[in-house]
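Please read each point alongside the model shown here.

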Amino acid sequence: MIKKKGVVLILSPSLEDYLEEIYRFSQNKVEVRVTDIANKLSVSLPSVSKAIKTLSAKGYLHYEPYQSLHLSKKGEKLGEFLVERNKTLQEFLTTIGSECNKEKEAEAMEHYLSQPTLEAITSLVNFFRENSKYQDQFIQFKEDDK
Ligand code: CA
């Protein structure tokens, strides 16, 4: 883990995205291939291969050339965290009524939040989910505040 100004970077943002996508694929498909990841992230095959090698060297997945990818326990754990983090941020943007492109914005935000901020956002999302009248009040306030 690299600590940089309070942001805990487990992997570089780009490697996080690779792992996040591999985890998503592994939840829906038996075989995850390099081409799947390249297509999904719109990157070249050599870029994916390079990332796969790094992730493999760091113990996040097992990979043999021309075979499918398999996440290790460690890779699954981090992949699940990354996918959850992305979901939470998209839900956060919905909760606060942002009219942004939620998918893109969550992608931009996710790599740069510290753990305490992520935890606070998660609590806020849960709070509004359990107390929808406050969320309604907030959305009304936001409209009136324009
Ligand atoms: Ca991502």
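1. Domain interface. In this predicted model, domain 1 and domain 2 bury about 410 Å² between them, and carbon and sulfur atoms give 32% of that area. Buried area here is the accessible area (1.4 Å probe) that two parts lose on being put together, summed over both. The size of an interface is often given in this way, as the accessible area lost when the parts come together. Pro 13, Glu 16 and Glu 20 supply 68% of the area that domain 1 buries against domain 2, more than any other three residues.

2. Conventions. The model is predicted, so that local features need pLDDT of at least 70 and side-chain atom pairs count only at pLDDT 80 or more, whereas totals for chains, interfaces and linings use all residues. Residues are numbered from 1 along each chain as its sequence is written, and side-chain values use heavy atoms, with hydrogens and water left out.

3. Domain division. The protein chain is divided into domain 1 (13–77) and domain 2 (85–144), with bounds that come from an automatic or database domain assignment. The C-alpha centres of the two domains lie 28 Å apart. Five residues from domain 1 and six residues from domain 2 take part in the contact, where contact means heavy atoms within 4.5 Å.

4. Which residues form a salt bridge at 2.7 Å, N to O, with one partner being Arg 85? The side chain of Glu 16 meets that of Arg 85 at this distance. A salt bridge is a side-chain nitrogen of Lys or Arg within 4 Å of a carboxyl oxygen of Asp or Glu. The count between domain 1 and domain 2 is one salt bridge. Between domain 1 and domain 2 there are also four residue pairs in polar contact, both residues at pLDDT 80 or more. A polar contact is a pair of N or O atoms within 3.5 Å; within protein, one must be able to donate a hydrogen and the other to accept it, and residues adjacent in sequence count only if both atoms are side-chain atoms. On the side of domain 1 that touches domain 2, the residues divide into one nonpolar, no polar and four charged. For this division, Ala, Val, Leu, Ile, Met, Phe, Trp, Tyr, Cys and Pro count as nonpolar, Asp, Glu, Lys and Arg as charged, and the others, Gly among them, as polar.

5. Glu 20. This residue is found in helix H1 (residues 13–28). Is Glu 20 buried or exposed? At 0% relative accessibility, Glu 20 counts as buried; buried means under 20% relative accessible area, exposed over 50%, and partly exposed in between (1.4 Å probe, protein chains only). Leaving aside neighbours within four places in sequence, Glu 20 is in contact with Leu 82, Val 83, Asn 86, Glu 107 and Glu 110. Glu 20 is also linked with Glu 21, Arg 24 and Lys 40 in a network of salt bridges.

6. Other salt bridges. The count comes to nine salt bridges. Among them, Lys 29 pairs with Asp 36, the closest N and O atoms being 2.9 Å apart; Lys 29 is partly exposed at 35%, while Asp 36 counts as buried at 15%. The side chains of Arg 33 and Glu 31 meet at 2.7 Å, N to O, and Arg 33 is partly exposed at 35%, as is Glu 31 at 38%. Lys 87 and Glu 84 form a further bridge, with closest N and O atoms 3.3 Å apart. These two residues are three residues apart in helix H4 (residues 73–95), so they are separated by about one helical turn.

7. Overall fold. The protein chain has seven helices and four strands, running β-β-α-α-α-β-β-α-α-α-α from the N terminus on. Helices (H or I, at least four residues) and strands (E, at least two) are DSSP runs, numbered from the N terminus. The C-alpha trace spans about 55 × 30 × 25 Å along its principal axes. Of the 146 residues, 36% count as buried. Among contacts between residues at least 6 apart in sequence, 57% join residues at least 24 apart.

8. Two local details. Ser 42 has a positive phi of about 50° although it is not a glycine. Ser 42 is found in the loop between helix H2 (34–41) and helix H3 (45–57) and counts as exposed at 65% relative accessibility. Lys 77 lies in helix H4 and is exposed, with a relative accessible area of 67%.
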